[in-house]
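Please open the structure in a viewer and keep the selection tool at hand.

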Amino acid sequence: MCTRFVYNGIDKIVGFNFDIDLSVWDHTVITEENRFYIGIKMPDGLYHSFHGINKNGNVGTLLYVHGNENARYIESEDCITISELTEKFIKAEISFDKALDIVKKKKIIYAPDDTMQAMLSDKKGRVLIIEPGIGYRYEQENFSLITNYSILKPDITKPYIVSGDTRYEVAKELLAGYDKDFSVNDAFKVLKSVSQKDLWATRVSFVYSTEKNKVYYVLNNDFSNVFEFQF
């Protein structure tokens with residue numbers, strides 16, 4: 001469970017709720033000179049940056065989604081996994097334009113052990129929604145939003161919607177009510193409204209201001225205690 005949005009106001013603002021089961025994943029917040037990310041420990045023993053921000057304004061996040069057969073993992077030079085593409089973007093090894101070129105030319109597939117979809121954005125407020133096995137969408141709207149269900153073909157994941165999960169609808173209604181003065185505080189209000197409890201609780205919430213090139217984040221739903229990281 002996760003929620004991610006981009007709001008294109010005077011400031012280009014990104015919001016992300018990282019919801020995870022602690023019995024399955026080991027994570028930690030990592031800050032570097034050029035990168036802020038939620039590190040996910042993988043079998044290689046390293047904390048990978050599948051959810052994070054680069055100093056250049058690249059923001060990438062992966063969100064769990066029920067898989068489809070067309071995106072199953074295969075070894076091929078004509079394919080790239082969604083996790084590899086997202087991490088390369090966060091590391092600034094590829095630009096937004098290069099990421100867009102890749103999704104046009106290569107087949108985007110799942111990693112061997114996870115079914116995920118992604119949202120990539122840059123400092124201009126451009127957004128790339130990538131759903132392996134389904135397709136992609138490039139946009140630069142007032143706001144963009146994604147949770148754990150397909151945006152491009154909703155009927156595919158509609159049967160898997162958890163009863164009572166209205167995160168997408170709640171966040172969409174709130175975001176639609178704001179104007180060009182949308183702020184960091186507004187972004188946290190949206191994230192708090194859709195934060196999760198219990199097993200898949202929200203462990204990290206971050207907001208990124210492109211204008212200030214600064215990350216604001218809270219841990220474990222403690223929205224009264226905001227940390228800051230300035231690039």
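Select helix α3 (154-157), which supplies three residues, the largest share, to the lining of the second largest pocket. Helices here are DSSP runs of H or I with at least four residues, strands are runs of E with at least two, and both are numbered from the N terminus. A pocket is an open set of points, on a 1 Å grid over the protein atoms alone, where a 1.4 Å probe fits, with protein on both sides within 12 Å along at least five of seven lines; its lining residues have an atom within 4 Å of a point. The model is a predicted one, in which local features need pLDDT of at least 70 and side-chain atom pairs count only at pLDDT 80 or more, while totals for chains, interfaces and linings use all residues. Residues are numbered from 1 along each chain as its sequence is written, and side-chain values use heavy atoms, with hydrogens and water left out.

By class it has five nonpolar, three polar and four charged residues; Ala, Val, Leu, Ile, Met, Phe, Trp, Tyr, Cys and Pro count as nonpolar, Asp, Glu, Lys and Arg as charged, and the others, Gly among them, as polar. The volume is about 270 Å³, taken as the space filled by probe spheres set on the points, with grid points joined across faces, edges and corners.

Next, select W25, Y64, D114, M116 and W200, which lie nearest the centre of the largest pocket among its 31 lining residues. Elements giving two or more residues to this lining are β2 (12-19), β5 (47-54), β6 (59-64) and α1. The space amounts to about 600 Å³, and the lining has 20 nonpolar, six polar and five charged residues.

Now select α1 itself, residues 82-90. Because seven of its nine residues are buried, this helix is largely enclosed by the rest of the structure. Buried means under 20% relative accessible area, with a 1.4 Å probe and protein chains only. Among the buried residues are I82, L85, E87 and F89. Just after the helix, A92 takes a positive phi of about 65 degrees.

From L85, move to the largest nonpolar core, where L85, F206 and V215 touch the most other members of the 43. Helix α2 (residues 96-105) gives the most to this core, five residues. Such a core is a set of buried Ala, Val, Leu, Ile, Met, Phe, Trp, Tyr and Cys residues joined through side-chain atoms within 4.5 Å. A second, separate core of 18 residues includes F5, L145, F182 and V207.

Select β13 (residues 202-209) and β14, which run antiparallel and are joined by six bridges; strands pair if DSSP finds at least two bridges between them. S205 stands opposite V218. Four residues separate the two strands of this hairpin, and N213 in the turn has a positive phi of about 50 degrees. Five of the six residues of β14 (residues 214-219) are buried. On to β15 (residues 227-230): four bridges pair this strand with β14, also in the antiparallel sense, and F229 is the bridge partner of V215.

Finally, select I129 in strand β10 (residues 127-131). Is I129 buried or exposed? I129 is buried, with a relative accessible area of 0%.

How values were computed:
Buried means under 20% relative accessible area, exposed over 50%, partly exposed in between (1.4 Å probe, protein chains only).
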